[in-house]
Amino acid sequence: AESLLYNGGRMRAAKWILIIVGLLVALVVAGIVVFAVLLDPNRFKADIADAVGRETGRELRLEGDIDLNFFPWLALTAGQGSLGNPPGFAAEPFVSWREARLRARLLPLLRGRAVLDTVKIVGADFRLLRRADGTANWEGWGPAPAGSGDIAAPAGMVAGLELEDGRLQFQDDVAARLVQLDDWQLVVGAIRPGEPIDLETAFRVTTTGLPAARLRIVGRYVPRDKATVLENFRLDGTLAG
């Protein structure tokens with residue numbers, strides 16, 4: 001359990017949540033004005049991809065259709081898509097997905113504040129890599145200063161985050177270790193900047209040199225400046241091999 005939770009050194013659970021939510025919020029805000037006037041958001045895939053590329057320094061591909069509804073929420077469903085690696089890494093995506101769904105309240109958005117319902121991502125496939133020189137593909141986002149891998153939390157709140165049928169592969173060339181999560185399910189409670197976040201996750205994990213396992217983890221993430229803190233931590237599962 002310690003190997004799984006703390007491998008990767010600088011990775012923190014909150015950063016992944018904020019990265020995913022931040023990108024999805026950016027996609028909505030970037031397109032809301034043109035979507036409100038024209039009924040077919042698919043005409044603006046290239047503009048959305050360009051905007052995300054400028055902010056993140058990575059290539060966004062929206063291969064599936066985008067559906068938009070305005071009542072009673074601004075509801076957006078994006079089909080298959082992917083977000084690329086930073087320059088210097090493999091051409092394969094950093095993350096891909098089969099479907100992403102989110103809903104946002106219109107009035108707060110118009111005032112520059114995001115109030116989102118639960119964000120749901122189906123079939124997310126993360127490919128994390130830390131090379132032998134210590135550089136990692138989860139660092140170096142957008143116009144942040146060199147050496148900073150942080151992303152600011154989106155203004156406002158998110159009712160929750162759900163990952164369904166996900167997969168995560170972490171190749172750590174520093175430790176010569178491969179960690180892979182399959183059948184990954186994640187449910188995260190309300191996300192408010194600077195406040196604790198409840199989470200529950202279950203997955204099948206295989207790790208170099210360790211028995212295979214199916215695990216379920218429940219806890220509360222508490223933000224700290226220089227630490228990853230989990231309260232009310234519970235772990236159960238089975239080991240094989």
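The dialogue below takes up one feature at a time.

Tutor: First, the ground rules. This is a predicted model, in which local features need pLDDT of at least 70 and side-chain atom pairs count only at pLDDT 80 or more, while totals for chains, interfaces and linings use all residues. Residues are numbered from 1 along each chain as its sequence is written, and side-chain values use heavy atoms, with hydrogens and water left out.

Student: How many helices and strands does the protein chain have?

Tutor: Helices (H or I, at least four residues) and strands (E, at least two) are DSSP runs, numbered from the N terminus. The protein chain has four helices and 15 strands.

Student: Which strands pair with strand 11, and in what sense?

Tutor: Two strands count as paired if DSSP finds at least two bridges between them. Strand 11 (residues 161-172) pairs with strand 8 (residues 119-122) in the parallel sense, over four bridges. In that pair, Ile121 stands opposite Leu163. Strand 9 (residues 125-130) also pairs with strand 11 in the parallel sense, over six bridges, and there Arg127 has Gln169 as its bridge partner. Strand 12 (residues 177-188) runs antiparallel to strand 11, and nine bridges join the two. Leu161 stands opposite Val188 in strand 12.

Student: What lies between strand 11 and strand 12 in their hairpin?

Tutor: Four residues lie between the strands, and Ala176 takes a positive phi near 50 degrees in this hairpin. Asp183, a residue other than glycine, also has a positive phi, near 50 degrees. Asp183 is found in strand 12.

Student: What do the buried nonpolar residues form?

Tutor: In soluble globular proteins, nonpolar side chains tend to be buried together. A nonpolar core is a set of buried Ala, Val, Leu, Ile, Met, Phe, Trp, Tyr and Cys residues joined through side-chain atoms within 4.5 Å. The largest such core here has 45 residues, of which Leu60, Trp97 and Phe126 touch the most other members. Strand 12 gives the largest share of this core, five residues.

Student: Which residues does Trp97 touch?

Tutor: A contact means heavy atoms within 4.5 Å. Leaving out residues up to four places away in sequence, Trp97 touches several residues, including Leu60, Leu62, Ile121 and Val122. Across the protein chain, of the contacts between residues at least 6 apart in sequence, 55% join residues at least 24 apart.

Student: How many salt bridges are there?

Tutor: A salt bridge is a side-chain nitrogen of Lys or Arg within 4 Å of a carboxyl oxygen of Asp or Glu. A search of the whole structure finds 13 salt bridges. In one of them, the side chains of Asp165 and Arg98 meet at 3.0 Å, N to O. Asp165 lies in strand 11 and Arg98 in the loop between strand 5 (95-97) and strand 6 (99-104), so the pair ties together parts that are 67 residues apart in sequence.

Student: Which residues make the nonpolar surface patch?

Tutor: Patches are made of residues with over 30% relative accessible area and no salt bridge; like charges are joined within 9 Å, and nonpolar side chains (Val, Leu, Ile, Met, Phe, Trp, Tyr) within 5 Å. Accessible areas come from the Shrake-Rupley method with a 1.4 Å probe, and for residues only the protein chains shown count as cover. Leu230, Phe233 and Leu235 make a nonpolar patch of about 220 Å². Leu235 is in strand 15 (residues 228-240) and counts as partly exposed because its relative accessibility is 36%.

Conventions: Buried means under 20% relative accessible area, exposed over 50%, partly exposed in between (1.4 Å probe, protein chains only).
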